[in-house]
Amino acid sequence: MDPQATLTFEELSILNERKEEIKRDHLAYLDQHPELKTLMSSFMSAVLMEKPTDVVAFAKAHFDALTPIKIAPAPLVIAGPSGVGKGTLINRLMTKYPELFGFSVSHTTRGPREGEVNGVAYHFVAIDEFDGEVAKGSFLEHANVHGNRYGTSKFAVEHVQAQEKICILDIDVQGVRQVKNAKMKVNYLFVAPPSMADLEKRLRGRGTETEDKIKIRIANAKGEVDFGTAEGNFDKVLVNNDLDEAFAELEETLAKLYPEVRFQ
């Protein structure tokens, strides 16, 4: 006789809720320890290759001889509306900790601004080349922003991770949604302005945009800030009012997100 058949509806509901809670706890633990998949996959491959008679003794010898596995830190997504100062924060972070961070160089169809170097600031490409990479599935995320296409290639992220560095992705909220759908282990940080009026002042102060483009960026920024500050979308919302204070808070946040990394 099925023991669950004797339980009341309320007891069954509590039991099922407990099962789901345990399942979520297990999945969360696996997400925090991606090295487990590597360890078990390596062990199973070795077992199937050798087909040992004494599997327990073989397992002991296998794991005793195992060298430490280095797992690349989770990528760091930094998003925020145009003009909020996230590029300045990223540059300061990269300058201070070049051995810890690597920048994912995105592709874009927009033209380079003064001082931007191809392959460093962006990979500047023609529209047909960009669309060809989209068709091949080369991008982790891509979006049309302010009339231009932007995309983060999977290779760009893997290239940084191969160096055992934290890969920084500077993307917009459209890209964030796509990365979340990819089910990767990623840390998310949103840089917000003190106010929309302050953001407009910064955009106009740059002197790099036409009036029409400024209006487009301001209109889009409202939706970006609403998404970025909504509960659960980002691990941290950082208000960039004073650059030095914002950077200090950024360092404190990263120390919590990456406890295995030492920040001076």
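Guide: Gladly! N148 touches T109, R110 and A143, leaving aside residues up to four places away in sequence; contact means heavy atoms within 4.5 Å. This is a predicted model, where local features need pLDDT of at least 70, side-chain atom pairs count only at pLDDT 80 or more, and totals for chains, interfaces and linings use all residues. Residues are numbered from 1 along each chain as its sequence is written, and side-chain values use heavy atoms, with hydrogens and water left out.

Visitor: Why does N148 count as buried?

Guide: Buried means under 20% relative accessible area (1.4 Å probe, protein chains only). N148 has 17% relative accessibility, so it counts as buried. N148 belongs to strand β6, residues 148–153; strands are DSSP runs of E, at least two residues, and helices are runs of H or I, at least four, numbered from the N terminus.

Visitor: What describes the packing of helix α8 and helix α9?

Guide: Two packed helices are described by the angle between their axes and the distance between the axes. For α8 (residues 196–206) and α9 (residues 211–229), the angle is about 150 degrees and the axes are 10 Å apart. Axes are lines fitted to C-alpha atoms over the stretch in contact, with angles from 0 to 180 degrees between N-to-C directions.

Visitor: Which residues of α8 and α9 meet?

Guide: Among them are M196, L199 and L203 in α8, and I214, I218 and V225 in α9. By class, this contact has seven nonpolar, no polar and six charged residues. Ala, Val, Leu, Ile, Met, Phe, Trp, Tyr, Cys and Pro count as nonpolar, Asp, Glu, Lys and Arg as charged, and the others, Gly among them, as polar.

How values were computed: Buried < 20%, exposed > 50% of the residue type's maximum accessible area, 1.4 Å probe, protein only.
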